[in-house]
Amino acid sequence: MNLKMLKDTLIITALKSIPDLKRQPLMIFLIGLISSLPLYFIVVFGGQISYGLIGAMVSTVSFIGMSAAIQDVTWDRYVKIREMIIAMPVHPLSYALGIALAPLMLSLPSLFFFGAVATMLGALTISSLLWATLALILCWATVSSIGFLISTYLQKSSPYTINSISNILGIALGFIPPVYYPEEMLGSFSWISAIFPTSNTASLIRVYSGSLSLPLEMVIARWVILIITTAVFAAITAAKAKWRES
Amino acid sequence: MEAVKSIDLVKVYHSKENVEALKNVNLSINKGELYTLLGPNGAGKTTFLRIVSTQLLLTKGEAYVLGYDVTMQPEEVRKHIAVVPQDVATYGNFTPWEYCYYFSLLRGIPKRDVKEKAENALKAVELWDLRNRPCATLSGGEKRRAIIASVLSSDADVLMLDEPTSGLDAVARRNVWSVLRDMVEQGKTIVLTTHIMEEAEIVSDRLAIIHKGIVIAQGAPDQIKGLAKEKFRVVVEGNLKSLGLSENDNHTVKFGSKHIIYVKNEDEAIDLVGKALKKGLRAETAPLTLEDVFVKLVGGETD
C-alpha cells in the first residue's frame, strides 16, 4: 500500500463516518447498546459480567465488520456512489478498507467504554490489552472479509434483503458461539469456540486476561486459526470481487 | 487526438440469453465539445458511457479516452474523467459541500484548492446557500445538483453524465445546461445522455442516435435533422378527412384530436395550413425538430 492508497483510505473512512457522526451522534450509543444488551441478562441471571464485557467488545467489532462489508457496500451500489468512485483514481483496496474502517471509528467509543469497565472489574489486565487489541483487529478483519465475500455474491439482491442477512449473520456470530459465555460451558464441544472468529477471539482475550487456561500449543493454534481464517477469506474475496463489471 | 473514441465496440451481456447491447459502435468525440448520446430506453447509451468510464468491460473492439485504452489503462483514464451515473441517488446524511469536498480530495485535487473548487461548483449549480444542508432535507432536483456539483468541482478533462437533468425542473435544467456549456467553453469535453431532445438540440455541438446498440446517425444537430425526407411539420386540430388526409398515413402522427403531418418543404406546409384554416380547423407549422427526426429514425424511416 502506497501513500496515495493510504490517503484515499482515510478520505473514504472520513466520508463514510464524519457525516453520520455529525448528523446522527446517537449512532455511537446505539452501536454500544446492541452489544451490551446481553449484559443485562447476564447480570439478571447471575452470570459473570466479566465474560459479558469481553463478549460485548468482540460482538461490537463483529457486528460492525459484517454490517460495513455487507450493508455499506450494498447501499453504495444502490445510490451509485460506488460507480462514481470506480471512475476515480482510487484503488479498490482503499475503498474496501475505508468502508470497513468507517463504522469501526464509530464503534471506538463503545470499545473504549467496554474495555475500561472490563479493566476496572479485572476482566482485562493492562498487560493483556495489547493482545486483546490484536485479537479484536483480526476478528474485525475476518468478519469484514466474510462480509465482503457475501456481498460479492449478493450483488443482485435488494438492500433490504441484504440488511436482514447482515443482521442475522452479525447476531449469529456474536451471540450464538461462546462469546458472552465461557467456552467451558460447551463441555466436550468447547473446540467449537475455535471455529468461529468471534468466540476464538473472546477465548484468546480471556486467556491473556487469566480467566481461561489453555495449553501454550492450543493458544498458538487458536492464533493460527484466526490468522488463516482472515487470510483465506480475504484472498477469496480479492479473487472473486470485481471492481469493474464484466 | 479525440477525447473519446470507440472502434467497432461490442458489448454482450452474458446471461440466460446473450444480449448484444452494443454492435460495432464507432464514435469519435472531439476535445472541447459537448456530445450527446440519444436513443430510446435500452438503446445502449448507458452501456457505452459505462465502458468508456472504465466501469464495465467491453466484449470486443477498442475504446480510448484521451488516447488511453479503457481496457488496458483504466488507471490513466480515471485520472481524467468524472462521472454522474444514471439514476444516481444521494446519502441523506451527506451535504452538498461534503460531496464536493471529499470527492475532490479523492480525485487527487490538493487540499488548498479543494475549497475554492467546491465553492465555485456549488455556486454554479445554485446550491451555495444550501451547501450545509443534509441531502435528506433537499428536493430531488437539489440532490441531483449536489451530485453534478461534485463532478464540476473535479477538475476532470472529460465529464460523462448519464441523464444529468432527469428529474430537474425547467429552471434547474437550464442552469445545469448553462453550467455545462460554460465548462465546454473552458475546454472541457462533455459526453452525456438525455431524453430531452429540445435541449439536446440547443446545447450539443454534435450528437449520436443509438438504437438497439447501433449508431444510426451522428453529426451536428442540423446535419441529423437533414437526414429526414420531410423538413416541416404541420399541426392540425380536428378531422383530417376534410383535408383529404388519412390518420393512418405514414407521414401523420395522431395525439388525441391533434395531428402532426410531416411535409417536404415550407410551401407544402403553408399550403396545408391554408387549407386547414379554410375548413375551420386550427393549424400551425414549424420546421422539423430533432425529436421529429429522432422518432422517424428509430422508427426506421429515413432516406
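Two residues are taken to be in contact if their C-beta atoms, placed from the backbone, lie within 7 Å. In this predicted model, the contact between the two chains takes 27 residues from chain B and 22 residues from chain A. On the side of chain B that touches chain A, the elements giving two or more residues are α2 (74-78), β6 (81-84) and α3 (96-106) of chain B. Of these, α3(B) gives the most, with 4 residues. Sorted by class, the side of chain B that touches chain A comprises 15 nonpolar residues, together with 6 polar and 6 charged ones.

Chain B is assigned two domains: domain 1 covers residues 4-220, and domain 2 covers residues 232-287. Taken over C-alpha atoms, the centres of domain 1 of chain B and domain 2 of chain B are separated by 39 Å.

In chain A, helix α3 runs over residues 49-79 and has 31 residues. From its first C-alpha to its last, α3(A) reaches 42 Å, which is close to the 45 Å expected at 1.5 Å a residue. Just after α3(A), the backbone at K80(A) takes a positive phi of about 70 degrees.

Notes:
Residues numbered from 1 in each chain as written. Chains lettered and ligands numbered in written order. Predicted model: local features only at pLDDT ≥ 70, side-chain atom pairs only at ≥ 80, totals over all residues. Domains from an automatic or database assignment. Expected span 1.5 Å × (residues − 1). Nonpolar A, V, L, I, M, F, W, Y, C, P; charged D, E, K, R; others polar.
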